[in-house]
Amino acid sequence: MVKAVRRQRRGAHRAGQRAAGGMAALIGTLFLSPAAQAQSIWDPVLSNSYWYVTVPQMLAYAAPSTSFANPLPIGDQTLWALGTSTDGVFTGTSTGTLAIGPIISTSELTIQGTVTPAGQITMVFTSTDGGPGTIGLGQMTQIGDATSMEMQMIIGTDLLVSHWAYMLPYDPDVFTPPEAQVVPSNLSPQWAWSQGTPWRIVSPEAFGTTQPGTFIITGYKSGYFWGEGLRPDGTAFTLLGSITPEGRVLFNTITDGELASLYGGIEGDASNAQMLLGTYDSSAVFTGDITNATVVRPYAQTVAATGTTAAVGAARTLYAVAGTTNGLFGAMAPVTLTLNDLSGPALSGAISQTLPVLAGAATEATANVQRMLGQVVTERLDGPDRPDSTTQAWVRPLGGGGQQGAIGGVPGYSFDGGGAAFGVDRSFDGQGRAGALFAFTSTSVTADTDAARANLAAGSANLRSYVLGAYGTTALAEGLDLAAYANGGLVDTDTSRSIGFAGVAATGDYQSRVLQLGARLRATMPIDDSLTLMPAVRLDFLGVDADSYRETGAGPLDLAVEGQTTRELFLSGEIALRYALTDTLALTARGAIGYDLLGDTEGVTAAFAGGGDPFVTPGADLSPWLFTAGVGLIAHGTERLTFEARYDVQASPSAYLNQTGSVAVKWRL
């Protein structure tokens, strides 16, 4: 039943107020039906009949007249005794019994009703104690072999009760209806998806503007829904209503203590549902005022449709928040209300800005930088051992850059930087060598933005690496040697990401630990006096463990980012050569193909400071293949001094490229 409206509505139909698509049919069915006509087909069904609520339908919800935010389940048994129906017009009495916990409450009402040939029902209920009338709306419906009245209502003064039920006929001489009771129920389950959803609502008559308001459905049970909302002017309201299995909707709101009720229909699903609702006056006549409510499409569906798959986890979390009071009134309200107004690439681009810096690839970028630093050791191990016992010191400045392209919906990044490595080692009469090194690098990593892919996540990370290492070789036989190395160190990382749609930026800092272990088995094959070939097989491990950290500067969009781990184990085959151009000048070259046996780059888990469940930003699905090549030039300046210049490149089929240039100076001590 719909409580009487406290002011007279305009009675004339408003021209042009029609919804598009399938909702247009609801207007004709629910709002524009003709009045009762002569010789109604429903007269035999309604005349001198009795109606009751079956036990499964007794569930109702009650709330104080000040707020619908937290309704209570109650039991409602309503009995109708109808008199003669003539041309679809009938009268009768209603006896209602409410079971509110241990309290039983009863009421007596009179009924004045009509039914159209199409079966639309309107009833006006008037209390025998006086007071404003209440209207109820429904539809004649066939339930099995019985004709029922599917009715929706809200009734009361200080306590408002919303109830929907299939009222069934009975014979009081042979059947006693069951007493009112609170029952478990799961009717109308097809609309249960509406719990936790945000909606946009346009109601020119109620709001006085065509600007949309917002409401959320915070609870749903057995056809009943409730929640809270904001009008376009920022005024809050609460709501309580019902949805029948057939999609008929009774939508009630309380704003500043005033009750307003709408009736209509719903169609669609969680992606595109719409409610088309109408206003009725105190005589149960449709006024022509139409309200349209549209569910906000789940953010994750839009993000996936635009190919920004890295942001799907964040989109799910943000949408879940949007369907809560935190997303409507709390810390996250400015975020979700903005996102609700966006769609398509604009929405995907905005959500991409909420991801951890570099879309969670900061640890992967750290590994790429450290892998090239490992080339420094490889280059030192590639040199021939001196035939005597000699100690050498060396320094190798280096610099370069590269990029990881976008792949599989995960955005890419570029990087550049430089540093230097210092070392000292000693050879042992041509039977091997042992040494140690220290290296530091500073690298800037910048996220790639691509509006075409709906990726607008501008961000950067600055990496400062400090590495200590040890290396050595030993001769196993003539022309065969084994080399090994171990590097370990720390990487300090400062992060920054811009969140353009919110006008803020988030910064953070954390530390990572890196470990590199490797071994190489190499054969040395002199071809002639100038050319030497050196085929080898190698195994290289690299691990990066990043600490968790918390951002600042972006308010509710600051992230608490959990620690992340990257592991790789490359098995590689390589061939190197050395060609003596003169007695003091030699050309070197090297090529390798490696396969990652681990491929273990996990996604990064983060949570918004403003609330919501943690979400995972997955790593890119990278190729396990890695190709390495390099060329160098070695010049012996004096007996004690040697110079070297090198260019090295690494690439993979998954859009990865890294280039490094370096020079080295070695001198005998």
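Modeller: Leu 358 touches Ala 365, Tyr 413, Val 445, Thr 446, Ala 447, Gly 459 and Ala 461, leaving aside residues up to four places away in sequence; contact means heavy atoms within 4.5 Å. The model is predicted, so local features need pLDDT of at least 70, side-chain atom pairs count only at pLDDT 80 or more, and totals for chains, interfaces and linings use all residues. Residues are numbered from 1 along each chain as its sequence is written, and side-chain values use heavy atoms, with hydrogens and water left out.

Leu 358 belongs to the largest nonpolar core, which has 89 residues; with Trp 199, Phe 215, Phe 251, Met 275, Tyr 299 and Ile 351, Leu 358 touches the most other members. Such a core is a set of buried Ala, Val, Leu, Ile, Met, Phe, Trp, Tyr and Cys residues joined through side-chain atoms within 4.5 Å, where buried means under 20% relative accessible area with a 1.4 Å probe, protein chains only. Helix H9 (residues 362–382) gives the most to this core, eight residues. Apart from this core lies another, of 40 residues, including Val 115 and Leu 240.

Eight antiparallel strands, S11 to S18 in order, close into a barrel. Helices (H or I, at least four residues) and strands (E, at least two) are DSSP runs, numbered from the N terminus, and two strands pair if DSSP finds at least two bridges between them. Strand S18 (residues 286–295) has nine of its ten residues buried. S18 pairs with S11 (residues 197–202) over four bridges, Ile 201 being the bridge partner of Ala 293. S18 also pairs with S17 (residues 274–280), over six bridges.

Notes: Buried < 20%, exposed > 50% of the residue type's maximum accessible area, 1.4 Å probe, protein only.
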